[in-house]
Amino acid sequence: MTNAPIWQWSAVETAAAIRNGEATSEQVVRAHLDRKQEANPALNAVVVDLGDAAMKAAKAADEALAASKRAGGAVGPLHGVPVTIKINIDVEGQANSNGVVAFKDNIAPGDSPVTANLKKAGAIIIGLTNTPEFSLRGFTDNPLHGLTRNPWNAEVTCGGSSGGAGASIAAGIGTIAHGNDIGGSLRWPAHCNGIATIKPTQGRIPAFNPSATAERPLMAQFMSSQGPLARHVADVRLGLEVMAQRDPRDPWYVPAPLQGPKPAAPVKVALAKIPEDMVTDRGVIALQRKAADHLTDAGYAVSEVEVPELDKVWQLWCDLIMTETRVLQQDQMLAVSSADFQKTFHGFMALANQLDQAGYMKAIAERSRHIRNWMTFLEQYPLALMPTSVRKTPEVNADLGGDQRVKDVFWNDLRFISSMNVLGLPAAVVPVGLHEGVPVGVQIVGSRYREDMCLDAAEAIERKVGILARQLWARR
């Protein structure tokens with residue numbers, strides 16, 4: 001740790017160094033702000049600079065730590081540690097713009113639960129990260145803050161919608177980034193940027209925005225998750241623990257233990273068969289199969305099997321979320337959004353079956369059947385190893401290439417990602433290597449509230465692969 005620059009330390013290492021007096025929070029925050037100044041201009045990942053407030057908070061954190069030591073007390077698990085927040089959740093006094101020009105003055109009157117939980121743990125917010133308009137694209141660009149670039153290759157996408165979070169963490173800006181995921185918005189940027197994440201079980205991390213003027217549609221509430229992105233799986237685990245603290249403002253919050261019963265060994269893993277209609281990239285699939293070998297070497301029992309009704313689950317996700325959007329949100333979105341957003345939006349709508357009232361109710365009922373089938377499947381195979389994308393990372397703003405290009409990306413390439421949202425199951429992503437110089441990740445899905453098992457498997461892969469971001473830093 002002492003041989004690497006401070007901004008390269010993990011969150012776990014950084015928190016320990018501050019607690020043990022090996023570094024001050026002021027030193028750590030300054031190092032990350034300096035790194036942001038160096039790396040961010042080429043990326044445009046952090047779009048709201050909170051550096052001045054962060055330095056004041058760091059000084060206060062050092063004073064609080066000294067007082068705590070005198071009194072024999074304890075500090076939070078992220079005391080003095082720099083983090084970032086995505087610009088689509090509330091940070092008191094800051095605009096929750098969600099990438100929309102019309103919302104640039106939507107000042108949050110209070111903190112969201114995730115923001116509050118990070119602050120209670122002692123974390124220091126150094127900036128807000130970019131997202132596409134309404135966080136409804138898999139590519140991070142908007143007319144308010146502009147395009148975010150991938151630190152590995154500026155010509156390919158950093159993903160979305162938590163693209164700013166993913167790019168910043170890979171570049172070494174902050175130790176943990178907040179993001180959220182309603183169709184892959186944590187896992188896709190993690191894949192694109194060569195970092196780790198967990199999309200938690202629905203209800204694991206509380207969510208609410210005090211700035212909101214209306215409640216979200218029901219299925220959007222059930223499909224969306226908040227979560228951490230980080231370079232190390234151990235940091236993802238720490239971020240999950242901090243973010244998952246109770247907040248009474250979320251009626252769906254579940255106070256489930258973060259550590260479940262120890263599973264019988266060897267843990268059986270289902271290596272998902274690739275649907276025959278998917279166009280795949282041989283190099284990407286080879287890396288993902290290497291992840292299966294890493295799990296086998298770690299003592300897991302891996303078998304290639306077909307996962308339950310993947311195509312129908314994906315279509316159900318698309319139909320439900322797009323029907324809710326069309327009925328309750330479409331008019332407002334189209335009235336204030338850019339031509340680029342509208343092009344992608346119409347591409348999404350073309351993929352969905354627009355449900356009437358009876359169809360919507362039947363689809364919600366069908367969701368229960370799919371969840372039951374997956375829960376039963378995960379009794380036999382407690383983990384499922386599957387692709388994040390089956391092809392190489394596409395170019396910047398690939399979704400602007402028309403309806404067919406939208407279908408190519410979201411139905412062909414990312415089918416395994418968005419399907420998991422309608423099921424509400426936890427899913428981790430961890431890097432497995434580089435293909436043509438760009439990161440490739442793999443997804444590990446577990447049963448409800450078994451994030452611990454997903455992260456255990458992710459750590460087994462990480463032990464073989466290493467921290468991919470170090471390769472990025474070494475080549476500069």
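Residues are numbered from 1 along each chain as its sequence is written. Because the model is predicted, local features are considered at pLDDT of at least 70 and side-chain atom pairs at pLDDT 80 or more, whereas totals for chains, interfaces and linings use all residues; side-chain values rest on heavy atoms, with hydrogens and water left out.

The secondary structure of the protein comprises 16 helices and eleven strands, these being DSSP runs numbered from the N terminus (helices H or I, at least four residues; strands E, at least two). Along the principal axes, the C-alpha atoms fill a box of roughly 60 × 55 × 45 Å. Of the 476 residues, 62% count as buried (under 20% relative accessible area, with exposed over 50% and partly exposed in between, for a 1.4 Å probe and protein chains only). Among contacts with a separation of 6 or more, 79% involve residues 24 or more positions apart, a contact meaning heavy atoms within 4.5 Å.

Helix α11 (residues 339-351) packs against helix α13 (residues 403-413) at an angle of about 65 degrees, the axes lying 8 Å apart; axes are lines fitted to C-alpha atoms, for helices over the stretch in contact, and angles run from 0 to 180 degrees between N-to-C directions. The two helices, α11 and α13, are therefore roughly perpendicular to each other (65 to 115 degrees). The contact involves Lys343, His346, Gly347, Phe348, Ala350 and Leu351 of α11, together with Asp403, Val406, Lys407 and Phe410 of α13.

One joins Gly160 and Ser161, with omega about 0 degrees, and Ser161 lies in the loop between β3 (124-129) and α5 (163-171). Another joins Ala265 and Pro266, with omega about -5 degrees, Pro266 being placed in the loop between α8 (233-243) and β7 (268-272).

Ser135, in the loop between β3 and α5, has a phi of about 50 degrees and is buried, with a relative accessible area of 11%. Glu309, in the loop between β8 (301-305) and α10 (310-336), has a phi near 45 degrees and is partly exposed, with a relative accessible area of 26%.

Note on methods. Angles under 35 degrees count as roughly parallel, over 145 as roughly antiparallel, 65 to 115 as roughly perpendicular and the rest as oblique.
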